[in-house]
Amino acid sequence: MDKRTLFLNLVVLGVALFSLAGCGGGFGPEAGEEPVPEFVVNGNVVGLQNNGLVLRNNRGETRSVLGGTTQFQFGALYAVGEAYEIRVDEQPQQQWCKVQPERGTFSSAGNVSVAVQCVNTYVTGNISGPYEGGLVMRDERGATKTVSAHFSLNSAYAVGDAYNITIAQQPDEQWCKVANGQGIFTGEQSVFVRVECVNSYVYGYVTGLLSPGLTLGNEQGTEVEVHESFRLITQYVEFPDTYLPDKPYAISIVQQPAAQTCSIKNGSGVFKGAADMRFQIDCTKPTGILYGVITGWNHDSSLSDYGKLELQNNRGETLVVTSPSDVQFAFNGPESDYAPGDEYSLTVTGHPNRTRCDVINGSGQIQDITDNPVEVRCAATQPEITLQGSIFGLEADGLMLLNNAGQTLPLTSDKKVFDFDALYYPSDEYAITITRQPEGQLCDLVNGAGLAGSPEAESIAIHCWKWQAAVNMGFGSWPQVALNDNGHAVVAWHDGTNLKARYLNNNAWGGVVTVAGQRVIDAPRVGLDGDGAGLLVGWNRNVDGRNILRSNVVSSTGAWSEAATVQESAINPALAMNEAGQALAVWPLGAKYYSGNNSWSGDPDAIAPSGAIGIPRNNTVVDINAAGTAIAVWQEDINSQKATVIRANIFRTNLDAEPSWDSAAIELARHPYGTETEVDGIEGQPKFVGHPHVAVNNAGQAVAVWEAVQLNEGNVGTGTVNILVSVYAQRDGVWEWSEPEQISDNQPGQGAAALPQVALDDQGRAVAIWQQQNETGHRDIWSSQYAIATSQWTTPEKRGAGSSFVDAINPQIAMREKGDAMVIWIAIEETEARSLVAQLYSPDAGDWLEQPRVLADVTSTAGNSGNNHHLVMNNRGQAMVVVKAEAGASKSVQAIPFW
């Protein structure tokens with residue numbers, strides 16, 4: 001384009017723009033065109049508390065407004081001159097809202113703002129009078145609600161809506177009415193209604209009732225028995241029947257109490273609500289019974305137990321008051337009736353905790369009580385009692401005591417008495433324990449726990465035992481001994497021809513007697529009950545060669561009975577007897593229960609009632625606790641299965657039914673046996689088991705131990721004998737035996753473990769002992785303790801016997817219920833000379849208390865076997881060991897007491 005043409009075009013464009021400007025419309029629409037929408041409606045919200053409000057405009061657009069919101073805005077655009085309308089499409093919960101102004105016109109440029117005001121529109125109210133819950137209210141729409149004393153109903157109302165609030169269900173034992181339940185909702189505030197409730201039952205009070213028998217009745221035939229009250233002088237009584245207002249009622253006394261006369265006031269009328277109506281019954285003072293008041297009982301809030309007040313009258317009746325809230329007492333028993341002129345007396349036989357009580361006017365004639373009331377006057381006491389006691393037999397230093405006040409008291413060998421500094425109230429519980437035993441002794445605490453003000457606390461004593469000189473019983477071997485808690489003992493042995501016995505009573509030995517009818521071929525078995533009556537069972541052989549078990553009994557005077565047959569064709573018996581005299585004789589797969597007077601149960605019981613599965617070995621053992629529960633453990637060889645098993649069964653005498661064994665024996669362990677070829681492929685599995693032993697405590701728990709051969713891995717036909725254990729206890733509510741657990745140590749250099757024994761105390765603490773070869777081929781005594789806190793066995797410890805001994809064999813253990821124990825064994829020198837060795841154990845006083853000590857030289861040559869010594873211990877901590885001692889061709893039975 002050339003310059004001339006460009007110039008002409010610009011001129012034409014300028015003329016056109018000038019013409020437009022001259023028309024007067026600027027850049028806006030021409031006259032008659034629609035305005036442009038560009039303004040919105042917004043607003044402020046006042047009083048909105050709940051969700052649910054929905055607003056709608058005239059364009060069909062809605063806005064949901066949440067509770068607590070104070071502003072809103074619609075999205076629709078309006079032009080100047082357009083009309084708008086904002087209305088409530090949905091009301092919020094339990095509120096009513098309105099828009100001001102609801103409609104209008106955009107008269108000028110700018111947004112329009114409206115106001116939304118909300119008020120509560122539900123019915124609220126409260127309940128006056130007694131109210132315990134349960135009232136159900138209903139509105140005119142049928143909606144119901146169980147209300148509290150201050151309530152609001154759920155329905156929402158708009159201005160002008162009618163409401164009608166009524167009772168849908170009355171509460172129990174009450175009657176309610178709505179005072180202003182109808183009206184029109186104005187929208188200015190919530191409707192508030194009033195509900196008035198009254199008790200709908202008749203009740204009243206009884207004053208002074210101290211004897212039984214008072215019965216009240218009403219006009220509906222209902223009777224209420226009123227019991228005597230010692231805690232409150234005035235007690236509350238109500239009838240269960242429901243009454244409505246303006247209905248008549250009539251309460252009367254149907255039966256007077258045994259020793260009083262009662263009268264009633266306000267017993268009839270028209271029911272106006274229980275709050276306005278109460279009957280009153282007053283009872284006269286009792287006649288012919290012993291009664292009174294209690295004052296001053298210590299209400300110390302620091303006491304967890306107030307104890308009890310014990311009163312006794314001259315008729316021998318005892319009355320126990322258990323709460324300091326009791327302010328009255330009365331004797332109402334069958335022996336409590338006194339006639340006029342009878343003498344009465346009252347004494348305090350037991351004082352509450354930290355309180356002392358005395359009787360005021362505690363004796364006289366019964367009719368005088370009305371004018372001279374009996375009073376039990378109590379007052380708080382101060383701690384004033386110290387714990388002290390006597391010491392008997394202490395000959396070594398090291399004894400240590402501990403009381404429950406945390407005080408320790410060391411005692412030396414010269415002490416004959418002890419005395420703690422701590423002060424106790426008469427009603428305080430005290431406890432003393434021995435935390436360390438003296439060297440070489442074992443001490444027993446008598447009356448070590450109880451109430452500080454009791455007679456027992458005045459008789460606390462410590463008895464310390466020690467080894468005494470051996471007593472020669474006479475020529476013989478295979479000795480056995482029994483010892484009860486009262487110090488009676490019986491020793492039995494075989495002299496090669498006859499069975500001999502000797503009885504101990506009050507520390508005095510009787511003479512040696514020949515037990516009639518016994519020609520035993522093995523060690524006899526003996527037991528004693530708490531009264532000193534004894535039982536002996538022997539394994540005999542008749543002239544025709546048949547085996548037979550016979551028994552004799554010994555009285556507390558030491559007199560022996562004739563022999564009685566226990567069982568024919570039976571061998572190797574075990575015997576267990578408790579302090580109550582319950583006893584069991586057990587032999588391989590058979591048993592009989594001892595019923596007293598040398599009499600046994602009829603046919604023998606099978607200790608495996610489901611039937612023997614193998615050939616029993618001659619090593620059945622049994623133990624029995626104080627409740628009569630016994631456990632037997634034995635070994636069976638099952639040739640058909642090429643296995644040996646350890647089995648156990650429980651005999652129960654504390655059942656409603658006849659004493660009996662459990663229906664099935666429990667297999668504790670099963671181990672194969674046979675040639676090397678037959679056991680090939682089961683390396684690491686036990687090959688043989690035997691020599692079981694068992695202990696039972698008074699809680700019904702038990703521990704069983706036995707030997708088990710463990711094959712060496714990769715070397716079939718060789719192995720090590722270990723000691724296994726199983727614990728019978730309650731686990732997760734079920735009584736069961738635990739899986740077998742090895743407790744012996746089979747480290748390199750250690751050989752076969754054998755002849756285990758175990759003992760168990762009433763807390764479930766156990767000690768197991770056994771003999772085990774060492775690296776030189778000789779044997780040592782080992783032990784392991786069962787730790788109750790961890791339910792685990794401790795690492796085995798070697799007991800030892802001194803440097804002069806090279807071998808230790810045939811261990812035995814005995815334990816009392818508290819856990820103190822004693823272990824004995826035979827220690828052998830290189831010369832084969834043998835000694836009896838003992839060691840004491842106390843779990844509460846340092847475990848193993850001393851180095852093993854030699855009790856007696858038993859032989860100068862080899863050959864002393866395991867059945868030639870025997871150990872027993874009673875629950876006082878006393879013990880006795882019997883042993884065969886040899887000197888050349890001479891052999892005698894020695895009894896060594898520990899007391």
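1. Some ground rules come before the details. This is a predicted model, in which local features need pLDDT of at least 70 and side-chain atom pairs count only at pLDDT 80 or more, while totals for chains, interfaces and linings use all residues. Residues are numbered from 1 along each chain as its sequence is written, and side-chain values use heavy atoms, with hydrogens and water left out.

2. Let's turn to the cysteines. A disulfide is a covalent bond between the sulfur atoms of two cysteines. Here a disulfide is called when a pair of cysteine sulfur atoms lies within 2.5 Å, and by this rule the count comes to five. With the bonded cysteines of the protein chain numbered in sequence order, they pair 1-2, 3-4, 5-6, 7-8, 9-10.

3. One of these disulfides joins Cys 97 and Cys 118, with sulfur atoms 2.0 Å apart. The pair links distant parts of the chain, 21 residues apart: Cys 97 sits in strand S6 (residues 95-100) and Cys 118 in strand S8 (residues 112-120). Strands here are DSSP runs of E, at least two residues long, numbered from the N terminus. The link is right-handed, with 110° about the S-S bond. Cys 97 is buried at 2% relative accessible area, and Cys 118 is also buried, at 8% (buried means under 20% relative accessible area, with a 1.4 Å probe and protein chains only).

4. Cys 262 and Cys 283 form another disulfide, with 2.0 Å between their sulfur atoms. Cys 262 belongs to strand S23 (residues 262-265) and Cys 283 to strand S25 (residues 279-283), so the bond ties together parts 21 residues apart in sequence. This link is right-handed, at 105° about the S-S bond, and both cysteines are buried.

5. Cys 357 and Cys 378 are joined as well, S to S 2.1 Å. Cys 357 lies in strand S31 and Cys 378 in strand S33 (residues 374-380), so parts 21 residues apart in sequence are tied together. The torsion about the S-S bond is about 105°, so this disulfide is right-handed. Both Cys 357 and Cys 378 are buried.

6. Finally, the second largest pocket has a volume of about 580 Å³. On a 1 Å grid over the protein atoms alone, a pocket is an open set of points where a 1.4 Å probe fits, with protein on both sides within 12 Å along at least five of seven lines; lining residues have an atom within 4 Å of a point. Of its 24 lining residues, the closest to the centre are His 351, Asn 353, Pro 426, Ser 427 and Leu 451. Strand S30 (343-350) and strand S31 (355-360) are the elements that give two or more residues to this lining.

Terms used. Grid points are joined across faces, edges and corners, and a volume is the space filled by probe spheres set on the points. Helices (H or I, at least four residues) and strands (E, at least two) are DSSP runs, numbered from the N terminus. Buried means under 20% relative accessible area, exposed over 50%, partly exposed in between (1.4 Å probe, protein chains only).
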